[in-house]
Amino acid sequence: MALTSSTVFTSIISEYSSAFPNIEIEIQNHQESVDLKRQGIDLQVLPCAVNISDDSYIQFSLLSYSSHFVASKQYVASHPPITLENLGDQRVLTNRYNADLLDYGINISMQSDDLNLLRYMAINGQGIAFIPELHSKPFIESGDLVEVLSDIDYPDQHLTLLYPSAMFLPKKVRVLKDLFKQKFG
């Protein structure tokens, strides 16, 4: 899940930066678990589907989310009724973590870790996006997207906050960790 482009992430970093203007912040976008200690990274946020590189890291579930299929009204109107049986004939857009939840018979036309891109393509009639509900909800409410195959439930996933050790966690990192917990909790 492209957390770094989310409104919540932006507000957390902005609030932290305002509260601590003298602290240097470096934000890296890693889609896989990294060696936090060796690379000098204080915190990492990852989807639960990612294997963590070190089992000794503290892991805290920030947010549980479910995904669903969405498309534009134009896409739905210009294609035969979308069913699970003909989903393989559709242009399916998703990210790599959600792709693992889909049946192997489904042909995925595009995978991207950029959920904004997947949503944009769905809004513009370029396929059916399988994305987190929280990422599509405002666009369903505005009418830009409609849910398809709403009777299918997929397992919930969650975002996990990782850090090396609670014992040696500097105050600046504890404060940021607490902000994440507060905003997502």
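Student: On the other side of helix 7, which residues are exposed?
Tutor: K171 and Q182 are exposed there, where exposed means over 50% relative accessible area, buried under 20% and partly exposed in between (1.4 Å probe, protein chains only). This is a predicted model, in which local features need pLDDT of at least 70, side-chain atom pairs count only at pLDDT 80 or more, and totals for chains, interfaces and linings use all residues. Residues are numbered from 1 along each chain as its sequence is written, and side-chain values use heavy atoms, with hydrogens and water left out.

Student: And which residues of helix 7 are buried?
Tutor: They are V173, L176, K177, L179, F180 and F184. Seen down the axis of helix 7, these buried residues fall within an arc of 155°, so they line one face of the helix. The arc is that of the directions from the helix axis to the C-beta atoms. Helices (H or I, at least four residues) and strands (E, at least two) are DSSP runs, numbered from the N terminus.

Student: Which members of the largest nonpolar core touch the most others?
Tutor: Of its 18 residues, L62, L161, L176 and F180 do. A nonpolar core is a set of buried Ala, Val, Leu, Ile, Met, Phe, Trp, Tyr and Cys residues joined through side-chain atoms within 4.5 Å.

Student: What does helix 7 give to this core?
Tutor: Helix 7 gives the most, with five residues.

Student: A new topic: where does S61 lie?
Tutor: S61 lies in strand 2 and is partly exposed, with a relative accessible area of 41%.
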